[in-house]
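Welcome! Take a moment to look it over, and then we can walk through a few places together.

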Amino acid sequence: DVAGLLQYLGLSDATGFVGKLLAVRIFTSSGTYVPTPGTRKALVEAVGAGGGGGGTYDTGSNQRAVAGGGGAGGYGKALFNVDFASLPITIGAGGTGGAANSATPGGTGGTTSFGSLLVCLGGTGGSFCSNWAAPIHTSAAPSGTVTGANINIHGGVHGPAGYYANNGWLSGGGASSLLGRGGIQIGNTNNGVAATGYGSGGGGASTGDSAAGKVGGLGSNGVVIVWEFE
C-alpha cells in the first residue's frame, strides 16, 4: 500500500509522513547540486545516455546494408539522506551515430552520475553493416548498467536488423529508456533516426540497392532528476 511504500522509501514512519516535497530539480547538463535549504532527503532518478545507431556501407547491385540500433542507458532510482553541502553531477552525452563506410559501431553513451552515490552507464552503440546479399541479420547492442540504486533497470537492448531478399529490409531501432524513445527502424536509403527524450539509443542506418552508405542516428543524453524533501 501507499503507507508501506512511503515507509520503505524513508519518507514516513509509524506516526505518518515526516516531510513535504520542497522542489523537483532537473539537471540536463553537468554541474554541481546544492540542496535547497531545509532538504533532508533526496529521491534521485538518473539515466545514462543512449548509444548511437550503426552506419552502413555503399552497396552494389542486389545488395543491402542495414545497421543495428543503439542500446539505452541504465536507469536508477534511490533515496539519500542529504548530509552534504554539494555534489557533482555528470550528465552523459548521447553516443554519436556510426559513420558511413566505417568498420566501427555507433558511439557508446556517456555515464550519468549523482556524485558517487548513483552511477548509470550509457548504452553501447549499434553494430555497423557492410554490403551483403540476403539474408542479413545484425546483432543487438548491449545495455547500460547501474550502481547505487534502490531500483535499477539495465538499459534496454534493441537493434536487430534484417534483410530477407524479396521480403524487404529494416534497420535496427534504438532501445527506449524509461525517460525517452529510441530512434525508429527504417528501410530504403536513409540515415538512422535520432533518439528523443533522455537515455535512448539512436536508430541504425539503412542503404538500399546500389546506393551510398549512411550514418547512424544519435543517442539521447542522460538526465538527473532530484526530488527534495524536508
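C120 has a relative accessibility of 0%, so it counts as buried, the cut-off being under 20%. C129 also falls under that cut-off and counts as buried, because its relative accessibility is 2%. Please keep in mind that this is a predicted model.

How many disulfides are there? The count comes to zero, with a disulfide taken as a pair of cysteine sulfur atoms within 2.5 Å.

## Strand 5 and its two partners

Next, find strand 5, which covers residues 41-47. Is this strand mostly covered or mostly open? It is mostly covered: seven of its seven residues are buried. K41, L43, E45 and V47 point one way from the strand, while A42, V44 and A46 point the other way. Residues on both sides are buried, including K41 and E45 on one side and V44 on the other.

Strand 5 pairs with strand 7, residues 75-81, through seven bridges in the antiparallel sense. Strand 5 is also joined by seven bridges to strand 19, residues 223-229, and these two run antiparallel as well.

Now move to R25, which lies in strand 3, residues 21-27. Is R25 buried, partly exposed or exposed? Its relative accessible area is 24%, so R25 is partly exposed, a label for values between the 20% and 50% cut-offs.

Leaving aside neighbours within four places in sequence, R25 is in contact with Y33, V34, P35 and T36, and also with V224, I225, V226 and E228.

Along the chain, R25 and E228 are 203 residues apart, yet 7.8 Å separates their C-alpha atoms.

## A serine in a loop

Our last stop is S171, in the loop between strand 15 (169-170) and strand 16 (180-181). S171 counts as buried because its relative accessibility is 0%. What does the side chain of S171 reach? It reaches the backbone oxygen of G204, at 2.9 Å.

Terms used:
Residues numbered from 1 in each chain as written. Predicted model: local features only at pLDDT ≥ 70, side-chain atom pairs only at ≥ 80, totals over all residues. Heavy atoms only, no water. Buried < 20%, exposed > 50% of the residue type's maximum accessible area, 1.4 Å probe, protein only. Helix = DSSP H or I, 4+ residues; strand = E, 2+ residues; numbered from the N terminus. Contact = heavy atoms within 4.5 Å. Pairing = 2+ DSSP bridges. Polar contact = N/O pair within 3.5 Å; in protein donor to acceptor, adjacent residues only side chain to side chain.
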